[in-house]
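I opened my notebook to go through one protein model.

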Amino acid sequence: MAEKIVISEEFRLRLIDLGYKNLSDEEMTDRIRQFYIEEYGEDLKAEVQIYNSSEAKSLDGESGYDGTAIYFHSDENDVNEIYVISQGTQGLKDWDYNFKSMFAGIDYSQALDTHKFTEEVINEFGIDQENKPIPIIGLSHSLAHNNNTTAYLSYETFDKIYSVNGAQTNYYQLYRADNDFMINVNEHFSLSKTNPDAIYNLDPSQLEAFAKDYYKDKADNIHQIISLDDPLYAVSGARGFFMLGEVEYLDTNPDYPGLRSIMDDIPDHIVQDFQELAIQYTLASREGGLNGAIYDILGVDMSLLEDIDGAGSVAKLYVTKQDELDTMIRNLNDNVPALLANIQTITSNADVIFGRFEEAGYITGKQRELLVTEITKIENELIGIQQAIASNVSVRDRGDFFAQIGGDIGAFLKIKGHLDVIQESLGTLNQEDLLEILNKIGESHSIQEMLESLSGGKKSYLGPDMVLTASIGNKEIRVNLSAALQLYQQGTGILEEKEAEIARFSKAIEMEIIAGYKDERRKVLQKINEMEGSPQSYHYLLAKHGQYPTFTKKVTSIRVHEVFYPLEQADLGQEIHILRESVEEARLQIEGYRKAIESLFEEDERISKQFDLIRGV
């Protein structure tokens, strides 16, 4: 079951990008047809149907999954295939899912929703996949590769997967999503099924090797193109992640060496600390969201802290919420040391990490010093918070109620002071030049940069638009073909609409004025003839001159001397002519624009054909 419609990397990338645009079904269909004309130089000989995850009855929206299904079908041309475009990271819910699924390897709800949506799509389009199967292709970018691949490996959702700059699948995640894989892992590594967390104690390299071997038969149907500068590629070597399938690497930003070599230098135990934090956060946030996670990790009720703005406000809280404050301080004393230990593992490697960033050219020496200084300052403030808590607990253990009150107020004010310094440091780190570095890194994750890197010969891309380059002497002229075709399509469409309106206007003039005048003239003549033919019928008109029987005058004859004046100022022929001339002028301009582009690429006959085809879209 080979696909026939979407058969080039460029077309796939442009379709994936369309999935982010939130277009109406009609707009998306038009854009797909235009892309097909641009990429292949011919009309798309198939019907197009669109179905969005927002319409899906099988999804409740909780996971944050977004997807669009495109169904190409034509009995005449033997076309029958479905493409499911799963969207990558969009909002806070997706980033929350990133943390839980790809890093912690616990949540797989978006992958499951990918499968549910695809099953609903098959039913919605009336596909008999059991008796007359058709290709179901997954297209994805970023987080969506993780969703599509996990769905494919766990539930056989797709026949093939094509991805760009994808977040790799995670063997910890698959351990929970794919029951067969979990059973085989447990048997191979002698793990107890009652303790799913035991998998995190296995040697990551051994577990990765086992996962690759287990899924090797499915790997042939996974195809990826990855930028060497993509930040997701940089972290794909961390524990949990593993790469499957055919992978094509492209250097989309030759000015930088990429982040992968930097991330590969980070020891595995640091990554494991990140995972411990992610797992703890995941389990807690399932119960009560972000505030639930903070309460579970630190034991802090955030709603209480919102009211603290000085010693007086802390004292007021003692009146009604002394027990809650007491519990909070003891929770902080228990929880902060473990959390700080995780963070210190990371911050203690700051010189190495940011030193590598400097070597790679992402930051300057001055920026490296700034980063290390501010991160160290944040660590010191966290230590200060820990010390304030420890000191306060020792005061509380004395059993002196008044000393306890003073200690609590002092501790909370100290903690607030440390948090203020942390906030200042975060503000310092929020500098424009540092954010610009993040923007550069982020661009290498984009579909647009990948499309631009696929440019070759006279064809290139500017964002999602196709650009053609012509050589005139020593000069190069670049033409945005996508924009030109859209201008031609929309321009000719508008002119056709204008012509139709002029025709309707002209017809309205004929009907409402000229024909109306003739109809009223006919009615008057008809009445005249009636009066002249039957004068006796109008005796009643003499009633005002007297009453019967003494008044005996009769109407014996009626003669009407009619004069019909011609219509004045009713001839709008000149105005109609001017309107038609304006349409013709605009058409000449648009056609001149088309001919100018065709003359630049006169050796390519497809250009003229593309302009002809786009008029029918």
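Which β-α-β unit do S4, helix H5 and S5 make, right-handed or left-handed? I looked, and S4, H5 (residues 143-155) and S5 make a right-handed one. Right-handed here means that, with the strands pointing away from the viewer, the path from the first strand over the helix to the second runs clockwise.

**Ground rules**

I note that this is a predicted model, where local features need pLDDT of at least 70, side-chain atom pairs count only at pLDDT 80 or more, and totals for chains, interfaces and linings use all residues. Residues are numbered from 1 along each chain as its sequence is written, and side-chain values use heavy atoms, with hydrogens and water left out.

**Whole chain**

I looked up the totals next. The protein chain has 22 helices and 10 strands. Helices (H or I, at least four residues) and strands (E, at least two) are DSSP runs, numbered from the N terminus. The chain has 617 residues, and 47% of them count as buried. Buried means under 20% relative accessible area, exposed over 50%, and partly exposed in between, with a 1.4 Å probe and protein chains only. I also checked the contacts (heavy atoms within 4.5 Å). Among those in the protein chain with a separation of 6 or more, 68% link residues 24 or more positions apart.

**The seven-stranded sheet**

I followed the strands across this sheet. It is open, its order is S1-S2-S3-S4-S5-S6-S7, and its pairing is mixed. Two strands pair if DSSP finds at least two bridges between them. Strand S1 (47-52) and strand S7 (246-250) are the edges, and each pairs on one side only. From one strand to the next, the twist averages 15 degrees. I remind myself that strands of a sheet pair through backbone hydrogen bonds, either parallel or antiparallel.

I then went pair by pair.

- S1 and strand S2 (residues 67-74) run antiparallel and are joined by six bridges. Tyr51 stands opposite Ala69 in S2.
- S3 and S4 run parallel, with five bridges. Ile85 faces Leu139 of S4 as its opposite residue.
- S4 and S5 pair in the parallel sense over six bridges. Here Ile137 stands opposite Lys160 in S5.
- S5 and strand S6 (residues 222-227) run parallel, with four bridges. Ile161 has Ile222 as its bridge partner in S6.

How many residues of S4 are buried? I found seven of its seven. Strand S5 (residues 160-166) is mostly covered too, with six of its seven residues buried.

**Helices on this sheet**

Helix H4 (residues 109-124) lies across S1, S2, S3 and strand S4 (136-142). H4 runs at about 140 degrees to S1. For these angles, axes are lines fitted to C-alpha atoms, for helices over the stretch in contact, and angles run from 0 to 180 degrees between N-to-C directions.

Is helix H1 mostly covered or mostly uncovered? H1 (residues 9-18) is mostly covered, with nine of its 10 residues buried. Among them are Phe11, Arg12, Leu13 and Asp17.

H1 and H2 pack at an angle of about 160 degrees, and their axes are 10 Å apart. That angle makes H1 roughly antiparallel to H2. The cut-offs are under 35 degrees for roughly parallel, over 145 for roughly antiparallel, 65 to 115 for roughly perpendicular, and oblique for the rest. I noted the residues in this contact. H1 brings Glu10, Phe11, Arg14, Leu15 and Leu18. H2 brings several, including Met28, Arg31, Ile32 and Phe35. I recall that an α-helix has 3.6 residues a turn, so residues three or four places apart point the same way.

**The three-stranded sheet**

I finished with the other sheet. It is open, its order is S8-S9-S10, and its pairing is antiparallel. Strand S8 (459-462) and strand S10 (475-480) are the edges, each pairing on one side only. Neighbouring strands are turned by 35 degrees against each other on average, direction ignored. Strand S9 (residues 465-472) and S10 share six bridges. Ala470 stands opposite Ile477 in S10.
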